[in-house]
Amino acid sequence: MKNKYNDNRLAEIADGIILIRNCHESHPSGTVGILSKDYRGRGRGFEALLGEDATPIKLKMNEFRVLCPEKKCDQPRIYAARLILLRSALG
């Protein structure tokens, strides 16, 4: 069964994510963030707020995974992603 935890095409805005590749100089693998733009198809990829940055960073589908609340190891990461969302909302 496809869901957002095993198919990034189903990821939604404000989902907590973790980078699984070293795809950006300032954001290594393991960096937590939130999606600020979800998948739109036809080459229009994702954007995310990562770490302390307030500017969205473009991501490819294979560079991250959505954090799953059922995984014990993801629970503190989800909390960190929600802090990033809160900070971005407060400006």
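The legends below describe close-up views of a predicted model.

**View 1. The sheet has five strands in the order β4-β3-β2-β1-β5.**
The sheet is open, and its strands pair in an antiparallel way. Strands β4 (57-59) and β5 (64-66) are the edge strands, and each of them pairs on one side only. On average, and with direction ignored, neighbouring strands of this sheet are turned by 45 degrees against each other.

**View 2. Strand β1 meets strand β5.**
Strand β1 covers residues 16-19. Three bridges join β1 to β5, and the two strands run antiparallel. To find a place where the two strands face each other, look for L19, which stands opposite F64 in β5.

With its 16 residues, α1 reaches 23 Å from its first C-alpha to its last. This is close to the 22 Å expected at 1.5 Å a residue.

**View 3. Helix α1 has a buried side and a face turned away from that side.**
Which residues of α1 are buried? They are I78, A81 and I84. Seen down the axis of α1, these buried residues fall within an arc of 115 degrees, so they line one face of the helix. The cover over the buried residues of α1 includes β1, β2 and β3. On the face turned away from the buried side are the exposed residues P76, Y79, R82 and L90.

**View 4. A14 lies in the segment before β1.**
A14 is not a glycine, yet it has a positive phi of about 80 degrees. Is A14 buried, exposed or partly exposed? Its relative accessibility is 38%, so A14 counts as partly exposed; this class lies between the limits of 20% for buried and 50% for exposed.

**View 5. D15 is also found in the segment before β1.**
D15 has 10% relative accessibility and therefore counts as buried, since buried means under 20%. The side chain of D15 makes a polar contact with the side chain of K4, at 3.0 Å. Leaving aside residues up to four places away in sequence, D15 touches K4, G33, I34, L35 and V66.

How values were computed. Residues are numbered from 1 along each chain as its sequence is written. This is a predicted model: local features need pLDDT of at least 70, side-chain atom pairs count only at pLDDT 80 or more; totals for chains, interfaces and linings use all residues. Side-chain values use heavy atoms; hydrogens and water are left out. Two strands pair if DSSP finds at least two bridges between them. Helices (H or I, at least four residues) and strands (E, at least two) are DSSP runs, numbered from the N terminus. Axes are lines fitted to C-alpha atoms, for helices over the stretch in contact, and angles run from 0 to 180 degrees between N-to-C directions. The expected span of a helix is 1.5 Å times one less than its number of residues. Buried means under 20% relative accessible area, exposed over 50%, partly exposed in between (1.4 Å probe, protein chains only). The arc is that of the directions from the helix axis to the C-beta atoms. Contact means heavy atoms within 4.5 Å. A polar contact is a pair of N or O atoms within 3.5 Å; within protein, one must be able to donate a hydrogen and the other to accept it, and residues adjacent in sequence count only if both atoms are side-chain atoms.
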